[in-house]
Amino acid sequence: MEHSPLEQFSIHPILELPPVAGMDLSFTNTSLFMTLSVLLIVGGLSLAMRRPSMVPGRAQSLAEMSYEFVGGMIRDITGPEGMKFFPYVFALFMFILVANLLGMFVLPFTVTSHIAVTLSLALTTICIVILTGLIRHGFGFFKLFAPSGLPIYMYLLITPIEIISFVARPITLSVRLFANMLAGHVMLKIFGSFVVALGGLGGIWAALAVLPLGAAFAITGLEFLVAFLQAYVFAILTVIYLNDVIHMNH
Amino acid sequence: MAHPPTPVTHAVEDAAHGAAEGGLPQLDFATWPGQIFWLAVTFGLLYLFLSRSVLPKIGTVIEERLDKIADDLDEAGRLKAQADDAAKAYEKALGDARAKAHAIAGETRDKLNAEIAKETEAAETVFAEKTDAAEARIRKTTQAALANVRDAAADAAAAIVAKLSGGAPDPAAVSKAVDAAAKRG
């Protein structure tokens, strides 16, 4: 099993803790990378804003750019009403982005390649969406499944479709991120082991190892793009779902 | 290899591991509670730090900058208005000064013209008086000369008559005849 491309996803305890209610809550490698991500985000941003100045330096510009990027995204989609979700969307975007990027470096473990993590984040988003809808519109929230202005018989068709698409949201949201991260890392690992295997055969085979090596390089570049893109997609879909319940008149 | 020697407390979990050994580690549900627990802890802390400390700080800096820029623009506008006012005041002062200079020049010219006219008039009066006096003298002299000419003509006529007739004519008659001749031309 040692060289299985799925090996990299296995979870090992680093600091074993006694089980709580029959559940193993040990501090594992995934816990470590979550902690690292949070430390990097908070530490990096705090360091960048340590001595904030009128004319920002490089680090401060980067911090402000990420702030304006997420803030602009929310303002463009929901208008000023959505800004109270800004800290959540910002945390979500940065956490996924940094976790994805950390998986690209020396000790590759990608928190977001685990469906447990992405599903938890997606369900958190959907819970916030449902709560916001219920608080803002009360029972009117359920109009989300029955858009007004249709002939009666159409509701028989539309309402189930709306309900299914709403229920599918947390699943698509989590599977999209998880599958992207999983597939990228599996491919990298497979091409990497090709290089090693071909190199080990020697002679003409070793020369052929250049091909999977080039592919691995190309995929690495692509993976950096995917790392950013998936964080962006997760964040923007969160904002779009929130917008649905903030402005309920479609 | 993936699993170190089993501690007694992890017996149950390890059984699950064993079952998932050939498949995706992601679907090893024994790891889910741990993952979700640590995600909740770390993501919760991240959210707290960001919403309480980091994001307000960045927001404040950006807002302060926007305020500063707006203030600076206002200040610049104010200073520009001031400069415009000053330029207008300068133009006005310049115009006033020019008008005043113009007025003074006009006044002086008028005064000088008046003085010249007065003096010219006075000189003309003096000149006219002198001319009149001279004309009167010329007239008197002419009359005297004409009178002398008549007397001379009468004397000449009397002398001519005396020579021709041999007797002295009556001076009164001569004088009358001369006057009549002078009247005929």
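Predicted model: local features only at pLDDT ≥ 70, side-chain atom pairs only at ≥ 80, totals over all residues.
Me: Which residues of α2(A) are called buried?
Reply: The cut-off is under 20% relative accessible area. The residues of α2(A) that count as buried are Gln60(A), Ala63(A), Glu64(A), Ser66(A), Tyr67(A), Val70(A), Gly71(A), Gly72(A), Met73(A), Ile74(A) and Thr78(A).

Me: What covers the buried residues of α2(A)?
Reply: The cover includes elements of both chains A and B. From chain A come α1 (29-48), α3 (86-102) and α7 (210-246). From chain B comes α2 (32-165).

Me: What follows α2(A)?
Reply: Gly79(A) does. Its phi is positive, near 80°.

Me: Why is Ile240(A) called partly exposed?
Reply: Ile240(A) lies in helix α7 of chain A. Its relative accessible area is 34%. Buried needs under 20% and exposed needs over 50%. The value falls in between, so Ile240(A) is partly exposed.

Me: How many residues along the chain separate Ile240(A) and Met73(A)?
Reply: They are 167 residues apart along the chain. Their C-alpha atoms are separated by 9.9 Å. Met73(A) is one of the buried residues of α2(A).

Me: What makes up chain B?
Reply: Three helices and zero strands. Read along the sequence, the pattern is α-α-α. Of its 185 residues, 16% count as buried. Chain B exposes about 13600 Å², and carbon and sulfur atoms supply 65% of that area.

Me: Why is the pair Asp72(B) and Lys68(B) called a salt bridge?
Reply: The rule asks for a Lys or Arg side-chain nitrogen within 4 Å of an Asp or Glu carboxyl oxygen. Here the closest N and O atoms are 3.0 Å apart. That is within 4 Å, so the pair counts. The two residues are four apart in helix α2 of chain B, which means a separation of about one helical turn. Asp72(B) is partly exposed at 40%, and Lys68(B) is partly exposed at 39%.

Me: How do you know that Asp84(B) and Lys80(B) form a salt bridge?
Reply: Their closest N and O atoms are 3.3 Å apart. The limit is 4 Å, so the pair passes.

Me: Why is Lys80(B) called exposed, and what is Asp84(B) called?
Reply: Exposed means over 50%. Lys80(B) has 52% relative accessibility, so it counts as exposed. Asp84(B) has 38%, so it counts as partly exposed.

Me: What makes Asp96(B) and Lys92(B) a salt bridge?
Reply: The closest N and O atoms are 3.6 Å apart. That lies within 4 Å, so the pair counts. Asp96(B) and Lys92(B) are four residues apart in helix α2 of chain B, about one helical turn. Lys92(B) is exposed at 55%. Asp96(B) is partly exposed at 44%.

Note on methods
Residues numbered from 1 in each chain as written. Chains lettered and ligands numbered in written order. Heavy atoms only, no water. Buried < 20%, exposed > 50% of the residue type's maximum accessible area, 1.4 Å probe, protein only. Contact = heavy atoms within 4.5 Å. Areas by Shrake-Rupley, 256 points an atom, 1.4 Å probe, with all protein chains shown as cover.
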